[in-house]
Amino acid sequence: MSKKNVFIETYGCQMNVYDTELVKSILQKAEYKIVDQESTADIVMLNTCSVRDNANRKIYNRVHEIKKAKDGKVSIGVLGCMATNFKTNLLENKRLGIDFIAGPDSYKHLPNLISTVTETGIKAFDVTLSEFETYSDIDPVRDAGVNAWIAIMRGCNNFCTFCVVPYTRGRERSREPKNIIEEVKRLVKNGYKQVTLLGQNVNSYQHEKYDFTDLMKMVSDVEGIERIRYTSPHPKDFPRKLLSLMSERNNICNQVHMPLQAGNDRILDIMNRTYTQREFLDLIKEARDIMPNVNISTDIILGFPTETAQEFEDTVKVVQEVEFDQAYIFKYSERPNTRASKKYADDVPEKEKTRRIVLLNEIQHDIALRKNQSHIGQIEKILIAETSTKRSADYYQGRNDGNTVVIVPKSDAYTKGDLIDVKIHGATKNALQADVV
Ligand code: SAH
Ligand code: SF4
Ligand code: F3S
């Protein structure tokens with residue numbers, strides 16, 4: 001029998017990108033062929049996200065599109081967070097016609113689920129969450145590249161009241177440090193310059209006596225690893241000793257993603273974030289005292305239930321005071337099963353959410369532009385990642401230590417994967433322009 005072709009499309013966060021690499025590895029071992037085009041696929045899988053409602057809707061549209069394009073001659077599987085969030089409801093929806101679903105902890109069962117569907121025509125699912133599965137025995141099939149994602153932990157125990165992730169990904173569990181370090185060493189050997197350690201809340205990493213800072217130290221000690229990033233930490237328990245380690249180690253990047261979510265204490269409290277505006281601001285100050293030029297990015301939600309216009313102004317105030325290098329700003333989106341959805345009506349009118357997001361984005365864009373302009377004239381090291389997606393095929397894009405995109409003209413002197421010194425000569429709110437020195 002010829003191998004069946006599988007095409008996988010990934011939505012959502014970096015954890016899903018990593019999970020798709022795990023799934024590819026599991027399926028290749030089970031004699032499936034991974035293809036990079038939907039048109040030649042016998043099986044299409046969508047690795048989905050459930051964090052906001054529009055993420056769901058995108059998937060419904062894609063399923064219809066795929067079935068139409070393939071004239072029904074395809075098996076469709078839904079993986080990822082929508083799978084655990086909606087469970088068998090997804091399969092029962094006849095109009096949608098999904099054939100199998102697998103949650104984030106069930107990927108080792110995918111070969112069985114797929115053969116059930118293709119051999120018997122019976123719909124199959126496994127959305128059980130595990131307290132132990134970390135896939136530490138699976139070697140992900142990564143795209144050749146410069147950065148490798150590594151999940152160091154899975155799940156989340158924080159239960160921020162707006163968030164579906166603790167329900168879709170289950171309880172926290174951490175991978176053994178030794179196993180992570182071996183993976184990093186293999187990656188260095190295979191030419192990767194950068195690793196990004198992933199977890200829903202990396203501060204909670206704990207394996208026996210090793211915490212996240214211990215792990216970072218061990219990764220940083222790996223010979224030949226040039227750049228280390230991580231995401232996301234939580235402001236409530238961000239370890240101060242990690243800041244010191246970051247400032248001491250050249251190969252740990254000068255960047256922190258510090259999700260604010262809201263600037264008002266009452267809203268932070270009912271979001272169950274367990275820090276105050278003051279504590280957040282103090283943490284930022286400490287980070288900058290230790291690393292004066294640290295690049296700080298954030299996530300913000302506006303229009304959380306009961307948030308008044310006055311309370312939203314506290315978020316504006318924090319944004320203006322901190323001057324984040326980058327902010328990902330979202331309108332609150334009610335998610336089924338979450339504590340917020342059970343307790344509150346989604347009562348901030350859509351029009352008001354739009355007013356707030358437009359205003360905050362305008363403020364943030366000015367800040368980002370100003371911060372980027374302050375780089376002009378500086379010499380910075382960039383890791384070239386790919387041909388520029390923004391400028392043209394005559395340019396490469398890479399990232400500086402702080403993670404800002406930098407665009408340089410192509411040349412024979414360097415290529416993808418090289419770390420080179422450049423001089424910044426231009427800036428927009430999203431990127432820097434540079435020439436090689
Ligand atoms: N674990 C990570 C990221 C979780 S999801 C962390 O804690 O940082 C990524 C971002 O999506 C969150 O930081 C939050 O800003 C946003 N988000 C999560 N749930 C949301 C919801 N119900 N509505 C709107 N934005 C949401
Ligand atoms: Fe969601 Fe909060 Fe966990 Fe992040 S820390 S995944 S926002 S519950
Ligand atoms: Fe989305 Fe799940 Fe990631 S809900 S943001 S894919 S953890």
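Helices (H or I, at least four residues) and strands (E, at least two) are DSSP runs, numbered from the N terminus. Axes are lines fitted to C-alpha atoms, for helices over the stretch in contact, with angles running from 0 to 180 degrees between N-to-C directions. This is a predicted model, in which local features need pLDDT of at least 70 and side-chain atom pairs count only at pLDDT 80 or more, while totals for chains, interfaces and linings use all residues. Residues are numbered from 1 along each chain as its sequence is written, chains are lettered from A and ligands numbered from 1 in the order in which they are written, and side-chain values use heavy atoms, leaving out hydrogens and water.

**Domains**

- Domain 1 covers 5-126 and domain 2 covers 379-436, with bounds that come from an automatic or database domain assignment.
- Taken over C-alpha atoms, the centres of domain 1 and domain 2 are separated by 35 Å.

**Packing of H9 with H11**

- Helix H9 (residues 240-248) packs against helix H11 (residues 277-290) at an angle of about 25°, and their axes are 9 Å apart.
- H9 and H11 are therefore roughly parallel to each other (angles under 35 degrees count as roughly parallel, over 145 as roughly antiparallel, 65 to 115 as roughly perpendicular and the rest as oblique).
- The crossing of H9 and H11 is right-handed; a crossing is left-handed if the near helix is turned anticlockwise from the far one by less than a right angle, and right-handed if clockwise.
- On the H9 side, Arg-240, Leu-243, Ser-244 and Ser-247 meet Leu-283, Glu-286, Ala-287 and Ile-290 of H11, where contact means heavy atoms within 4.5 Å.
- The residues of this contact of H9 with H11 comprise four nonpolar, two polar and two charged (Ala, Val, Leu, Ile, Met, Phe, Trp, Tyr, Cys and Pro count as nonpolar, Asp, Glu, Lys and Arg as charged, and the others, Gly among them, as polar).

**Packing of H8 with H9**

- Helix H8 (residues 212-220) and H9 pack at about 15°, with axes 9 Å apart.
- H8 and H9 are therefore also roughly parallel to each other.
- H8 passes H9 in a left-handed crossing.
- Phe-212, Thr-213, Met-216 and Lys-217 of H8 meet Lys-241, Leu-242 and Leu-245 of H9.
- The residues of the contact of H8 with H9 divide into four nonpolar, one polar and two charged.

**Packing of H12 with H14**

- The axes of helix H12 (residues 309-322) and helix H14 (residues 350-373) cross at roughly 15° and come within 10 Å.
- That angle makes H12 roughly parallel to H14.
- The two helices, H12 and H14, have a right-handed crossing.
- H12 contributes residues including Phe-312, Val-316 and Val-319 to the contact, and H14 contributes residues including Leu-359, Leu-360 and Ile-363.
- Eight nonpolar, three polar and four charged residues make up the contact of H12 with H14.

**Ligand surroundings**

- Ligand 2 is surrounded by residues including Cys-156, Cys-160, Cys-163, His-234 and Arg-273, each with a heavy atom within 4 Å of the ligand.
- The shell around ligand 2 has seven nonpolar, three polar and one charged residue.
- Around ligand 3 lie Cys-13, Asn-16, Thr-48, Cys-49, Ser-50, Val-51, Cys-81, Val-165, Arg-169 and Gln-200.
- The shell around ligand 3 divides into five nonpolar, four polar and one charged.

**Backbone features**

- Thr-231 and Ser-232 are joined by a cis peptide bond, with omega about -5°.
- Ser-232 is in the loop between strand S13 (227-231) and H9.
- Gln-261, a residue other than glycine, has a positive phi near 70°.
- Gln-261 lies in the loop between strand S14 (255-257) and helix H10 (265-270).
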